[in-house]
Amino acid sequence: MVPFNVLVLACLAYVAFLFLVAFAVERAAAQGRARWLRAPLVYTLSLSVYCTAWTFYGAVGYAARSGLEFATIYLGPTLIFVGWWWILRKLVRIGRAQRVTSIADLISARYGKSNMLGVIVTILALCATTPYIALQLQSIALSFGVFTAGTPAGWTVPDADTTALWVAVGLALFTILFGTRHLDANEQHPGVVTAIAVEAVVKLVALLAVGVFVVWAVAGGPGDIIARIEAAPRPEWAIEPGRWAGLTFLAAVAIICLPRMFQVTVVENVDERHLATASWAFPLYLFLMSLFVMPIAVVGLEVMPEGSNPDLFVLTLPLAFDQGALAMLAFLGGFSAATSMVIIAAIALATMLSNHIVMPLWLALARRRGGGSGDMRHVVLRARRLSIIVMIVLGYIYYSFTGGTAALAAIGLIAFVGVAQFLPALIGGIFWRAATRVGAAAGLGLGFAIWLYALFLPSFGAGVMIPDAVMTQGPFGIGWLRPQALFGVEGMDPLLHALFWSLVFNTSAFLIGSLVSFPTPVERVQGAQFVNVFDMSGGTQGWGRSVGEAEDLLVTAQRVLGAEAAQSFFQQAAADQGKDGFLPDTTPDFIERLERRLAGSVGAATAHAMVAQIVGSSVVTTEDLMAVADETAQIMEYSSQLEAKSEELARTARQLREVNHKLTELSEQKDAFLSQISHELRTPMTSIRAFSEILRDAGGLPAEDQHKYATIIHDETIRLTRLLDDLLDLSVLESGRVRLQAEEDNLSRLIERALGAANSTAPERDFVIHRDPPEEDIALHTDSGRLTQVFINIIANARKYCDAAEPELWIKPRVRDGRVEVDFVDNGTGIPQKQESLIFEKFSRLTDQARAGGAGLGLAICREIMLNLGGDIAYLPGQGGAAFRVSFPREMPAQTPDSDDVEAQEATGAVSAS
Amino acid sequence: MSARRGPSLYLARQSYRRRRLIDAARLLPFLGAVLLLLPLLWTPEDTPESATARQALYVFAVWLGLVVAALLLARRLPRGEDGRTDEAG
């Protein structure tokens, strides 16, 4: 008999040992020193987490009740592992290439990173795993109970509950301590995995020890065992074909789909080649674990009293033969089996819960609150820890809610059917490119629902979750929907029945859904990546290339940051790692820091892509590439904006240069004008000064001389005044500030007035004027004063410059195209062709100025006036003498105030005149 | 090509052998499944009671055989597989 205290002590010592192992391995792994972790042995042993307390205790009970059927649970996985080339190899390759962190992550990532699918898978996994955890707690409680009761077969319930509670607390502590130390990008937990491997050894050794004891010490060797089996026939041990095939299939599915198995097989895998070793080593482990199950069951049934729990034969048999040490070893084995399952399952589910449910919720809330994401790692770690606690608490609640159910096996298999619902979406996803999210969701949802309805809820007991009436007659009396006889298939074992219908509907919905729906672009790409993963660049390596990687990273960093900055960064990192003078190890922490540093220069996505290509065995994911493309697009947009801006600047500079040029021209013109004016003004001023000096200085001038000189002075001043008037007039006209007044008038009257006024010029000459009165009768609406001024000027010019002996002037008006044209033609010699263009310029005089008596502004003023009136004045060559044509619209155009631009006035005149 | 007697040279023996090993690895689980489902065909023949021992021995023997076959194949299969060994098969 083993005292309870010793047992507890042994337990605590064992747990402390596990803690130590996990801690030491974690430390070694962080420093990159754990080369032995990469031995395939550790990987294979960690797979043993498939053998839980169910194996240790429940298998013997199962064998005692149903004979050889228990072996199906291990034959299925054997077939899957022996056939690793089909499914497991692809899963592991995909897991490493896509950095998959859980089965929910894989399914979600395959179908376009759909978080909805991740949530469904997580919830389903939660429903299936919680009873399984309860199962483990129950086993531990039962096994403790065997020792505390003093008799092998009884236990006291309150103790069982508190034991289970303490165990649950301890498990939560261990899992949090070693499962959530830090966030590993690969989601690998080397410390935990090693502890699990140690437990695997303890399990195997314990069960083998008990088996050897039973076969050779209690019985008489293998022959005796066989004799015993054949001696006492048990009809219930006959193999049922349906269950034999069905359960093998179910177990095969479970080894792939169980979250904890996915975690150790795919996520924690560090080297693909380990899978080749595991392909035979793990079936061997299962073989050894199963080898002595039947012998123990047979001997137990014979030796132990009636009604003793066959599940506990592994403990009670040694105790019955006073093998306390063996019993304690067996106890530790069972303890290992239970705890390893809970730890790994809690880690796997906590990862799923936090990645697919907690973090998206938290991020959505944070976004709504408007806060930045800050340091996500603390949040994630906290979410993980919380999830672990929630998982284990749920398991405990389930255990206390259903505690004491007789057959442990039932719960396990129900959980298997639950996780089997992942199969179509998973396998379809990795082999069929056309599998879509819609199909996966439909299949999962339907399978989940049927599993709940036909298996999970009824398992709580008759009438607990599903009323009795529904069980026997179906919901609303529909017989075809009875939970355990769906669609009229009666008499089928409930487990197989649920398995069959759930998978049939699941697969059908998955296939039909995928066939009719369209995938999103990301889904298409992910589908190709997953299904064609072996076509992608291979060469997935473990951690082994540290030095080469560090060098490559240094080269890349130098290219991005520059030689000095990169080297000092690396030196600093190496110093931090205690590796002064060498290249730093490419630990996850270092890589993260490097990525962040690079991201400052080239953007986060590009930095990640660069680093991942060198370090990771992963292919750069689609999203990374899309993010890089985004960044590149942004950069290109920015640079094109810069280009546009600099083009604009060049254009503006050109415009400024042109304007500057024009202004320079204008200022030159102004200077020329000013110099000419001062010249024109000076000439009369000189005369005035000279003659006034004579008048002042000369003493006695004869009176007629005085009169002559005074007249000259007077004439000159008049000339000056006229010049200044003309200048002012011209300036006003040119600047467009002239105010014209339109009034009704008649052309004939204008001409009359002009002739009358012009007669004062050179009155001695006798001009013959030829007029055409009928033609002159044209109604006008214009500034008649100004127009008359033009006519006066032309006629006065004719009087001044016409050098014919008998001067004649023809005035010929007409109307053409809505414009009035008046031609003034004399019979003199006209203007030489060379000077035709000069006559309208300011200050141009073709003859000696003194004789003409004008400043040369007359025609310039005429032209300005005509332009203001919307018309024109031009010289007509070849008329026999000087000929001027004045043309103007009948209606003066509306004046635009403040317009300095003559061309603008002309334009408006042209538009409004018709 | 050298004038050697014996098997013709168009067959590259080493890679061919490797590919056939991969095929063997692919077929092994199906063979195992067939063998393990055989007990289903026995039950009508014998009296259910005494069949258990024989069935148990048979099952465990097949199991061990599968383990050994997998071991042999895994040692001979190419290490560090890349896609090319797949496609060529």
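These exercises work through cysteines, aromatic rings and backbone angles in a predicted model.

Residues are numbered from 1 along each chain as written, with chains lettered from A in the order of writing. Local features need pLDDT of at least 70, side-chain atom pairs count only at pLDDT 80 or more, and side-chain values use heavy atoms, without hydrogens or water.

**Exercise 1. Cysteines**

Task: State how many disulfides the structure holds, then classify A:Cys127 and A:Cys802.

Solution: 
- Step 1. Apply the cut-off: two cysteine sulfur atoms within 2.5 Å make a disulfide. Over all chains, the structure holds 0.
- Step 2. Buried is under 20% relative accessible area, exposed is over 50%, and partly exposed is in between (1.4 Å probe, protein chains only).
- Step 3. A:Cys127 has 22% relative accessibility, so it counts as partly exposed. A:Cys802 has 3%, so it counts as buried.

**Exercise 2. Ring pairs**

Task: Classify the pairs A:Tyr396 with A:Tyr399 and A:Phe500 with A:Trp501.

Solution: 
- Step 1. Rings of Phe, Tyr and Trp (its six-membered ring) pair if their centres lie within 6.5 Å; planes under 30 degrees apart are stacked, over 60 edge-to-face, the rest tilted. The whole structure has 33 such pairs over all chains.
- Step 2. A:Tyr396 and A:Tyr399 are 6.0 Å apart, centre to centre, with 50° between the planes: a tilted pair. Both are buried. They lie in helix H17 of chain A (residues 376-402), 3 residues apart, about one turn of the helix. Helices here are DSSP runs (H or I, at least four residues), numbered from the N terminus.
- Step 3. A:Phe500 and A:Trp501 are 5.0 Å apart, centre to centre, at 65°: edge-to-face. A:Trp501 is buried at 12% relative accessible area. A:Phe500, at 39%, is partly exposed.

**Exercise 3. Charges over rings**

Task: Find which rings B:Arg20 and B:Arg26 sit over.

Solution: 
- Step 1. The test asks for NZ of Lys or CZ of Arg within 6 Å of the ring centre and within 35 degrees of the ring normal.
- Step 2. B:Arg20 has its charged end over B:Tyr16, 4.6 Å from the ring centre.
- Step 3. B:Arg26 lies over the face of A:Trp86, 5.9 Å from the ring centre.

**Exercise 4. Positive phi**

Task: Locate A:Arg99 and A:Lys113, and give the phi of A:Arg99 and of A:Lys113.

Solution: 
- Step 1. Most residues other than glycine have a negative phi.
- Step 2. A:Arg99 has a positive phi near 50°. It sits in the loop between helix H5 (88-97) and helix H6 (103-110) of chain A.
- Step 3. A:Lys113 has a positive phi of about 50°. Its loop runs between H6 and helix H7 (115-148) of chain A.

Definitions and conventions: Helices (H or I, at least four residues) and strands (E, at least two) are DSSP runs, numbered from the N terminus.
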